[in-house]
Amino acid sequence: MDGPTGPVPGTGEGTGGDAAELLDELRSAIARYVILPSREALDAVTLWVAATHLQPAFQHAPRLAVVGPAKRCGKSRLLDVVTETVHKPVITVNASTAAVFRSVTEEPPTLLVDEADTLFGTPKVAEKNEDLRGLLNAGHQRNRPALRISGPEHKPTEFPTFAMAALAGIGELPDTIMDRSIVIRMRRRAPGEKVASFRARRDTPGLHGLRDRLEAWAGQVAGQAVEMEPPMPVEDRAADTWEPLVVVADLAGGQWPATARSACKTMSDYEAGQDEDGGLKTRILADIRSAFASCGNPEALSTNRLLSVLKEDPEAPWAEYGTNGLTPRGLQLLLKDYGIQSANIRFPDGGQAKGFARNRFQDAWTRYCPTIPVQAEAPAATGA
């Protein structure tokens with residue numbers, strides 16, 4: 001994966017200063033009212049806000065998922081500040097799905113959904129709002145309209161879905177939304193952490209001034225933004241989601257191209273292990289590779305031996321997985337999607353037992369966890 005090739009300077013003409021300085025001002029304004037969990041998170045929110053003003057230039061519309069484990073983590077306050085600085089905000093706490101559908105037009109607004117946990121927090125409620133989740137998923141990519149029966153003649157009607165969206169709530173959002181999001185994991189302020197109070201009448205004019213300058217700058221660079229395909233430090237959907245932010249950074253110049261890519265890599269790497277189901281399915285592959293290596297890379301390991309090694313790692317979740325730790329059945333379920341199954345294996349000592357051949361994992365290791373090279377040598381098995 002390529003790194004930055006150098007900044008693309010933003011002229012900032014007519015916007016009250018250099019574009020990089022404008023982003024610096026926006027970052028400082030956000031930090032005045034909200035303490036973000038990391039420098040990278042603050043940088044990401046800053047770039048996301050700026051990117052809303054260039055939505056027509058992008059192929060993808062990243063979501064901003066502002067989540068926290070409990071109340072009073074600053075989620076709503078961050079949404080307050082974001083609302084006053086993004087392009088054409090449409091904010092809702094509990095709007096109907098039909099209303100949200102009709103709010104997205106050919107000129108994309110920025111959707112802002114507070115208390116998203118009330119929409120997706122339980123399976124029953126999430127099922128009720130499945131259409132809204134579908135809209136949020138489809139709207140991540142341009143040219144994915146929703147088809148609905150509408151009007152007195154009940155004709156099929158296409159509704160545009162493409163729009164950037166920020167969602168704030170307690171706990172995790174649906175994984176399909178999280179996978180399309182810049183994820184900001186908020187936390188409560190520590191005793192020594194202080195922020196300024198936010199008063200709409202006093203503070204909104206200053207934030208609107210930043211918004212208007214961002215809008216003017218975006219109008220000047222929109223043509224450039226359409227043509228840009230910046231080198232990215234991540235791949236696949238993470239690259240799709242982060243690309244608009246990196247485009248903004250490259251257009252602004254200064255330290256922002258490097259800053260954006262650092263935030264992209266750091267936050268994407270962190271989120272890659274956060275999904276409880278998918279993350280564990282990837283982790284089990286990496287931990288099985290380590291288990292084989294710790295046993296001398298035999299050609300096969302019995303299921304019992306493999307489970308024993310996995311559960312011996314104090315930093316791994318396998319000793320506490322399920323009720324009594326990872327079981328043979330649990331291991332099979334984690335490996336099912338990779339097409340890897342146990343088999344009857346005869347070991348060099350003459351014993352026979354259920355186990356896993358090392359070569360059955362090679363393809364999955366290469367595809368899903370290639371960062372640690374797999375050792376080439378495979379000594380004779382002793383693993384029964």
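## Basis

The model is predicted: local features need pLDDT of at least 70, side-chain atom pairs count only at pLDDT 80 or more, and totals for chains, interfaces and linings use all residues. Residues are numbered from 1 along each chain as its sequence is written, and side-chain values use heavy atoms, with hydrogens and water left out.

## Helix α13

Helices (H or I, at least four residues) and strands (E, at least two) are DSSP runs, numbered from the N terminus. Helix α13 spans residues 303–312. Its buried residues are Thr-303, Leu-306, Leu-307, Val-309 and Leu-310. They lie on the same side of α13, because they cover an arc of only 165 degrees around the axis. The arc is that of the directions from the helix axis to the C-beta atoms. The face turned away from the buried side carries the exposed residues Asn-304 and Glu-312. Buried means under 20% relative accessible area, exposed over 50%, partly exposed in between (1.4 Å probe, protein chains only).

Ser-302 sits in strand β8 (residues 300–302). It counts as buried because its relative accessibility is 4%. Its side chain reaches the backbone nitrogen of Arg-305 at 3.1 Å.

Val-195 is in the loop between β7 (181–185) and α9 (200–227). At 27% relative accessibility, Val-195 is partly exposed. Leaving aside neighbours within four places in sequence, Val-195 is in contact (heavy atoms within 4.5 Å) with Ala-31, Arg-32, Tyr-33, Val-34, Ile-35 and Arg-189. Val-195 and Ala-31 are 164 residues apart in sequence, yet 7.8 Å apart in space, C-alpha to C-alpha.

## Cysteines

There are 0 disulfides, a disulfide being a pair of cysteine sulfur atoms within 2.5 Å. Cys-73 is buried, at 5% relative accessibility. Cys-295 is partly exposed, at 21%.

## Salt bridges

A salt bridge is a side-chain nitrogen of Lys or Arg within 4 Å of a carboxyl oxygen of Asp or Glu. The count is 15. Arg-261 and Asp-250 form one of them (2.9 Å, N to O). This pair links distant parts of the chain: Arg-261 is in helix α11 (residues 256–272), Asp-250 in helix α10 (residues 236–252), 11 residues apart. Both are buried.

Lys-265 and Asp-269 meet at 2.6 Å, N to O. They are 4 residues apart in helix α11, so about one helical turn separates them. Lys-265 is partly exposed at 32%, and Asp-269 is partly exposed at 44%.

Methods: Polar contact = N/O pair within 3.5 Å; in protein donor to acceptor, adjacent residues only side chain to side chain.
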